[in-house]
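Q: Could we work through the structure together, taking one feature at a time and asking how each should be read?

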Amino acid sequence: MQILDRRLNPSGRSLPNRQRFLRRAKSLVQEAVRDASAKRDIRSADEGGEVSIPLHGIREPSFHHGSGGSRDHVLPGNKEYREGDEIQRPPSGGGGGGSEGSPEGGGEDAFRFVLTREEFLSLFLDDLELPDLAKRRLVEGADPAWHRAGYSVAGTPSNLSLARTMRNSLSRRIALKRPKPEAVAALEAEIAALEGQPGSEEQVAKLKAELAIQLRRSQRIPWIDPIDVRYRRFEPVPRPVARAVMFCLMDVSGSMTEDMKDLAKRFYTLLYIFLQRRYKHVDIVFIRHTHEAAEVDEQTFFHSRETGGTLVSTALEEMRKVVADRYPPTDWNIYAAQASDGDNAAGDSQRTARLLIDEVLPACQYYAYIEVGRDGEHGMPGFPRGPTDLWRTYEQLVSAGAPMAMKKVRNRRDIFPVFRELFAKRGLLEEAKA
Amino acid sequence: MNAPVSTPGLLYEGADWDFSTLMRIHDACEEVAVRDLGLDFYPNRIEIISAEQMLDAYASTGLPLFYRHWSFGKQFAQHEALYRKGLRGLAYEIVINSDPCLSYVMEENTATLQALVIAHAAFGHNHFFKNNRIFREWTDAKGILDYLEFAKGYIAECEDRYGEIAVERVLDSAHALMNYGVHRHHRRTIDLRSEEQRVRERRAHDERMYNVLWSTLPERASHAIGADEVEKRRAMLQLPQENVLYFLEKSAPRLAAWQREVIRIVRNVAQYFHPQRQTKMMNEGCATYVHHRILNTLHREGQLSDGALLEALHSHTSVIMQPDFDDPRYSGINPYALGFAMMEDIERICREPTEEDRVWFPDFAGSGDPMPTLRYGWSEFRDESFILQFLSPHLMRKMKFFHLKDDAAQPVLRVDAMHDERGYRRLRRALAKQYDPAWMDPDIQVVDVDLAGDRRLILEHRVQDGRLLEEQEARQVLRHLASLWSYDVLLREIDPATGASLREHAVSPPR
């Protein structure tokens with residue numbers, strides 16, 4: 001009898017099976033992931049977690065009996081029945097006591113399981129890409145890359161350079177005239193040959209003295225001396241790190257309802273997740289504005305209500321200030337997303353457009369404008385609502401070639417398609433156009 | 001070193017254990033198993049695993065190493081989600097029918113649970129695996145681990161060479177037909193060398209008997225394809241064939257060699273598990289009875305403390321709990337409950353039989369020691385025949401069995417038999433039938449191939465009691481079958497009495 005301890009065996013043995021399963025159920029899982037992510041708040045939206053997918057997509061079929069026909073059940077626990085009794089069929093039509101019910105999954109129509117963060121994200125952001133403009137800068141403190149840099153006399157055994165060590169040992173042995181084993185052997189052979197021959201005593205004595213010297217020398221001069229030992233040396237080299245900052249601009253004046261804010265929040269969430277995937281370090285700056293703008297924290301940004309007019313330019317001005325203060329565009333990849341219901345004070349459009357063109361857009365990698373609206377507001381047949389002030393202003397900029405994207409979102413279900421459209425891989429987009 | 005045992009004679013104290021404790025437990029159990037129960041088992045190998053590894057083992061149907069397939073990942077994800085939420089505990093052990101016999105035990109188990117598990121798996125199941133006729137005839141305990149190793153490597157190699165998708169497609173199809181990948185009866189093994197010899201002898205005979213005069217006879221005008229031809233074709237293809245995977249492996253026209261090998265692997269694994277399906281109830285009954293006897297004996301001899309025995313009994317009783325049919329927890333007859341009850345009942349009949357038992361079981365009623373009878377039962381029967389042979393009226397009354405006839409054509413269910421003088425034999429037959437795989441699985445066979453025409457494969461489902469196949473899934477399985485066969489497939493559901501076709505499913509292979 002043997003007892004083996006298997007606990008230390010590498011874990012994750014079923015990982016390949018899991019990957020195969022995810023590949024298999026990809027479209028279903030993707031759907032589930034997108035649903036799940038809609039329910040979370042901005043910073044935890046990308047954690048892994050439980051998702052549930054419909055069972056029918058991943059069923060393994062087999063031959064089995066359908067309903068109908070005549071069946072026999074032998075059941076335990078008879079209390080009142082006698083032979084010949086007749087019993088009303090249970091209404092659900094399930095076979096009497098269910099003795100033939102399938103052991104797994106009988107009534108369960110959804111398959112629930114847990115995804116890790118990595119799996120979650122790769123499914124979530126599959127086939128999206130960032131506009132490829134990443135700026136990289138050397139940053140202090142980021143984890144460095146290690147490069148080979150010659151040899152050193154100290155190090156860990158795993159870095160021992162055998163070739164270099166042996167080369168040193170060899171040259172030292174030559175320099176100090178350590179006899180080779182063959183030379184010693186040859187001497188011994190010569191002595192053995194001469195010994196006992198008459199008249200060679202003197203010669204033998206000389207050889208023996210020589211041998212003694214040689215042996216002493218080979219004992220004193222080690223084969224490998226600590227001074228021979230060399231280790232491979234590595235040097236830390238700072239790695240360029242790409243950093244990103246994400247500006248969330250939002251109109252919080254009275255005309256923005258909670259629903260609209262919710263839509264905006266969803267969009268920011270997606271953007272945050274997406275940036276985090278690409279950049280090790282992502283800052284978020286929240287700027288809200290009415291007729292004046294301020295940088296706030298996330299809670300205030302989404303949940304407190306302000307009253308006042310609407311001056312979009314103030315938000316852009318604030319963003320410009322923050323960029324100038326803390327995020328020099330040479331070092332940072334700047335992404336901005338603006339959400340608004342499209343209202344802007346008359347007369348502010350000019351200023352907004354100028355600020356965007358001259359100051360904000362040149363500093364940004366990407367600028368997206370999301371116009372949120374109430375569901376059904378625009379869908380009224382016969383009463384098409386004209387484009388809003390801000391939309392008109394931005395449209396002119398875009399048609400003049402400004403590098404920004406704009407979309408309208410009316411409903412929760414639009415968020416993801418709009419997001420995907422904004423960040424779809426360019427190859428795919430062109431294919432779609434062709 | 002382990003802590004010294006303060007009470008002399010006790011194997012262990014408290015819940016903690018280490019390897020030497022396990023060793024002591026094993027040796028003590030072994031002594032009882034050999035001395036009192038006369039068991040005969042493979043050498044044991046006990047492996048300690050963690051909860052995650054137990055989940056791993058679950059996912060690959062309990063086997064320690066298995067090839068890769070998405071369905072195992074699915075299983076793992078499902079078990080893991082349930083386990084994480086605390087909805088389901090894990091088994092205390094998994095035991096593999098191999099030589100040496102592998103038992104996996106969880107590290108979380110207390111010392112008492114380890115004793116229970118060792119007695120249950122390493123001696124109960126182990127004895128059953130080694131001695132039961134079906135296991136002896138159909139599985140190769142010595143070779144299985146090597147074979148699984150080979151299978152895993154082979155399929156990984158195929159994935160490298162032909163791509164994961166291509167391999168997965170074959171595996172999916174083969175898995176769908178897994179229940180139809182077993183030989184249920186021994187075939188006449190055709191030895192290739194003697195086959196060749198026979199052909200040579202036949203030709204020599206023909207040459208000896210050749211007479212040129214025969215060639216002068218006028219030939220028959222037309223040579224229609226007669227029944228002979230069909231018979232010959234069927235004989236050459238070894239039809240009818242109930243092992244659908246075997247048929248595909250040998251005869252599917254367009255499979256590559258590696259695809260045939262993959263099918264063969266699935267088929268061999270299915271064959272390896274087939275005895276377990278047929279003996280589930282007995283196997284668990286045997287193991288439960290053995291651990292019950294061993295632990296009680298150890299307690300009587302002062303090697304197990306009272307507390308430990310109570311803890312073991314607590315697990316034991318929850319395992320053999322059988323809810324009544326109208327209980328919401330009821331999900332079929334618990335194989336542990338029925339199995340253990342039958343073994344105990346046999347012990348009772350041997351030790352203190354009633355008059356009724358003497359009439360029903362004249363062979364062994366009152367024989368004294370139950371072990372010879374039990375050992376004989378464990379080695380020579382499977383669930384179905386074991387029930388037919390050993391289920392006593394006493395037990396039927398105790399379990400309050402009754403037989404319910406559910407005919408879809410009737411508006412009501414009818415109680416056909418119950419635990420009384422008139423019903424015992426019918427009840428027992430009906431219960432045995434419930435354990436008969438030939439009754440549980442639809443009887444589907446390959447019956448013909450249209451070799452002269454469009455190579456359509458024809459299967460028959462011999463419908464029993466009007467139970468037709470579930471249509472949706474049957475079509476899906478047939479689609480898998482067609483993709484392996486590469487030509488059209490037709491499944492006829494026929495009434496075996498009249499030969500009339502009740503329903504037909506025709507499927508073309510995916511293009």
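Predicted model: local features only at pLDDT ≥ 70, side-chain atom pairs only at ≥ 80, totals over all residues.

The dialogue below treats the chain contact, the sheets and a helix pair in turn.

Q: How many helices and strands does chain B have?
A: Helices (H or I, at least four residues) and strands (E, at least two) are DSSP runs, numbered from the N terminus. Chain B has 20 helices and nine strands. Of its 511 residues, 42% count as buried, a residue being buried if 20 or more other C-beta atoms, placed from the backbone, lie within 10 Å of its own.

Q: How many residues does each chain bring to the contact?
A: Two residues are in contact if their C-beta atoms, placed from the backbone, lie within 7 Å. Chain B contributes 79 residues and chain A contributes 55 residues. On the side of chain B that touches chain A, helix α3 (residues 70–84) of chain B gives the most, with 11 residues. That side of chain B divides into 36 nonpolar, 19 polar and 24 charged residues; here Ala, Val, Leu, Ile, Met, Phe, Trp, Tyr, Cys and Pro count as nonpolar, Asp, Glu, Lys and Arg as charged, and the others, Gly among them, as polar.

Q: In which sense do strand β4 of chain A and strand β5 of chain B pair?
A: Two strands pair if DSSP finds at least two bridges between them. Strand β4 (residues 86–88) of chain A and strand β5 (residues 412–418) of chain B are antiparallel, with three bridges. Ile87(A) has Leu413(B) as its bridge partner in β5(B).

Q: What is the strand order of the open sheet of six strands in chain A?
A: The order is β12-β11-β10-β13-β14-β15 (chain A), and the pairing is mixed. Because β12 (293–296) and β15 (405–409) of chain A are edge strands with a single partner strand each, one side of each is left without a neighbour in the sheet. From one strand to the next, the twist averages 20°. Strand β11 (residues 281–289) of chain A pairs with β12(A) in the antiparallel sense over four bridges, and Arg288(A) stands opposite Ala294(A) in β12(A).

Q: What is the strand order of the open sheet of four strands in chain B?
A: This sheet has the order β6-β7-β8-β9 (chain B), again with mixed pairing. Its edges are β6 (443–449) and β9 (501–507) of chain B, each with a single partner strand, so one side of each lacks a neighbour in the sheet. Strand β8 (residues 489–494) of chain B runs antiparallel to β9(B), joined by six bridges, and Arg492(B) stands opposite Glu504(B) in β9(B).

Q: How are two packed helices described?
A: The description uses the angle between their axes and the distance between the axes. Axes are lines fitted to C-alpha atoms, for helices over the stretch in contact, and angles run from 0 to 180 degrees between N-to-C directions. Helix α16 (residues 383–390) and helix α18 (residues 424–434) of chain B pack at about 165°, with axes 8 Å apart. The angle makes α16(B) roughly antiparallel to α18(B), a term for angles over 145 degrees. The contact involves Glu384(B), Ile387(B) and Leu388(B) of α16(B) and Arg428(B), Leu431(B) and Ala432(B) of α18(B). By class, these contact residues are four nonpolar, no polar and two charged.

Terms used
Residues numbered from 1 in each chain as written. Chains lettered and ligands numbered in written order. Parallel < 35°, antiparallel > 145°, perpendicular 65-115°, else oblique. Buried ≥ 20, exposed ≤ 12 C-beta atoms within 10 Å, placed from the backbone.
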